[in-house]
Amino acid sequence: MQRLGDNLRAFWKRFRPCFRTRTRDTSEQAYWYWRGQLTMEEARNFANIERRLHGGDGQALQQFMSDSPWSQTAVFDQIQDEIGAHPALQHGGLLILDESSDETAGKEQAGAGRQHNGRLGKVELSVTTVGLTYAHPTTGTWALIDGELFLQAAWFTPEYGERRQAVGLPPERTFATKPELGLQMIQRAQAGGLPFELVACDDLYGRSRAFRAALDAAQIQYAAEVPGNTQVYLQCPKVGVPRRRHQHGKTLSRLKVLSRQAPHEVRGLARSGQTTWQRVTVRNTERGELIADFAVRPVWTLTETLQVRREWLVIRRDDDGKLT
């Protein structure tokens, strides 16, 4: 306990350069913000942190978090560098791609719009961030390593021109879907040398065939949930340009599935009597061992451009009948 203060100062010194520019140094505000978050039990807002720890009214912290030009990219880079340099984290790490939404009262906030809010379980005026988290099951390490604000397509229309300027949206920013933002972050982590062995995500990202194909092309192993109506082939389908039916007919150029086999929905395969299940202990919980049935089989899927890809379909069946 006596070393906690010194540990925080040492941690802050490693990250201090992230909060400096050529003309300003706001790193002291970062220290007070972290100290308040770690030592105050409740009401950890800007005003209360600064009033209790620094004798101010919160304006300096508000300015630091809202308007100071320090780079979040530098902070994330430092986090990833420290993970990459840790001997115990060289193997066994995974990346978890997910989103987080916060309800907002005003439409003027960057990224504000009516969209699905997972915390509320409904569509509401919210701001959504796509986040990439590093997790290491053996050591218990868990850290946010990157994040991108999601902006709906409406934010890039002429009607939102003044609003984009008011919130300081960079002019080079263009619309990107959540899977596209997630892929950019994963590729940045890979390019930066972050050691990880797997990317995990839910079906919001897994349903994107382009997203899965891009991970495969980058030789990144992934475990992505997909909707139950996802169509797969049990044998490799033949794809090509159909022959012209008549000698004087129109020359065809678009790719099509030429084989006669029909695709299957994954939920149909899960309920098929031909599926072989194996009982597996998933993990230990406070209530005992968590056990479920698993089925694994190779399948073939098609990208939007009808490229054939081989993937592994993993189906989990819980004791209550829920299928994943």
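This is a guided tour of the structure above, stop by stop, for a viewer that is already open.

**Before starting**

The model is predicted, so local features are given only where pLDDT is at least 70 and side-chain atom pairs count only at pLDDT 80 or more, while totals for chains, interfaces and linings use all residues. Residues are numbered from 1 along each chain as its sequence is written, and side-chain values use heavy atoms, with hydrogens and water left out.

**The whole chain**

Of the 324 residues, 32% count as buried, where buried means under 20% relative accessible area, exposed means over 50%, and partly exposed lies in between (1.4 Å probe, protein chains only). The accessible surface comes to about 20800 Å², and 48% of that surface belongs to carbon and sulfur atoms; accessible areas come from the Shrake-Rupley method with a 1.4 Å probe, and for residues only the protein chains shown count as cover. Among contacts (heavy atoms within 4.5 Å) between residues at least 6 apart in sequence, 52% join residues at least 24 apart.

Show the side chains of Ser-27, Gln-29, Ala-30, Tyr-31, Trp-32, Trp-34 and Gly-36, which are buried in α2. The buried residues of this helix pack against α1 (4-15), α3 (46-53) and α4 (59-66). In helix α1, pick out Lys-13, which counts as exposed because its relative accessibility is 56%. To get a sense of distance, select Arg-267 as well: Lys-13 and Arg-267 are 254 residues apart in sequence and 52 Å apart in space, C-alpha to C-alpha.

**Salt bridges**

The structure holds 20 salt bridges, a salt bridge being a side-chain nitrogen of Lys or Arg within 4 Å of a carboxyl oxygen of Asp or Glu. Select Glu-124 and Arg-114, whose side chains meet in one of them at 3.7 Å, N to O. This pair links distant parts of the chain, with Glu-124 in strand β3 (residues 122-136) and Arg-114 in strand β2 (residues 113-117), 10 residues apart. Arg-114 counts as exposed, since its relative accessibility is 54%. Glu-124 also forms a salt bridge with Lys-122, the closest N and O atoms being 3.8 Å apart, and Lys-122 is partly exposed at 44% relative accessibility.

Move on to Arg-188 and Asp-146, which form a salt bridge with their closest N and O atoms 2.9 Å apart. Arg-188 lies in helix α7 (residues 178-191) and Asp-146 in strand β4 (residues 141-149), so this pair ties together parts that are 42 residues apart in sequence. Arg-188 is partly exposed at 37% relative accessibility, whereas Asp-146 is buried, with a relative accessible area of 6%. Then select Arg-212, Asp-216, Arg-309 and Glu-311 together, which are linked in a network of salt bridges.

**Trp-300 and the cysteines**

Now centre the view on Trp-300 in strand β12 (residues 288-302), which counts as buried because its relative accessibility is 17%. Leaving aside residues up to four places away in sequence, Trp-300 touches Val-232, Tyr-233, Leu-234, Gln-235, Cys-236, Pro-237, Val-308, Arg-309 and Arg-310. Glu-289 is 11 residues from Trp-300 in sequence and 34 Å from Trp-300 in space, C-alpha to C-alpha.

From the contacts of Trp-300, select Cys-236, which is partly exposed at 46% relative accessibility; Cys-201, by comparison, is buried at 9%. A search of the whole structure finds 0 disulfides, a disulfide being a pair of cysteine sulfur atoms within 2.5 Å.

**A nonpolar patch**

Finish at Val-296, Trp-312 and Val-314, which form a nonpolar patch on the surface with about 320 Å² of accessible area together. Patches are made of residues with over 30% relative accessible area and no salt bridge, with like charges joined within 9 Å and nonpolar side chains (Val, Leu, Ile, Met, Phe, Trp, Tyr) within 5 Å. Trp-312 is found in strand β13 (residues 308-317) and counts as exposed, with 54% relative accessibility.

How values were computed: Helix = DSSP H or I, 4+ residues; strand = E, 2+ residues; numbered from the N terminus.
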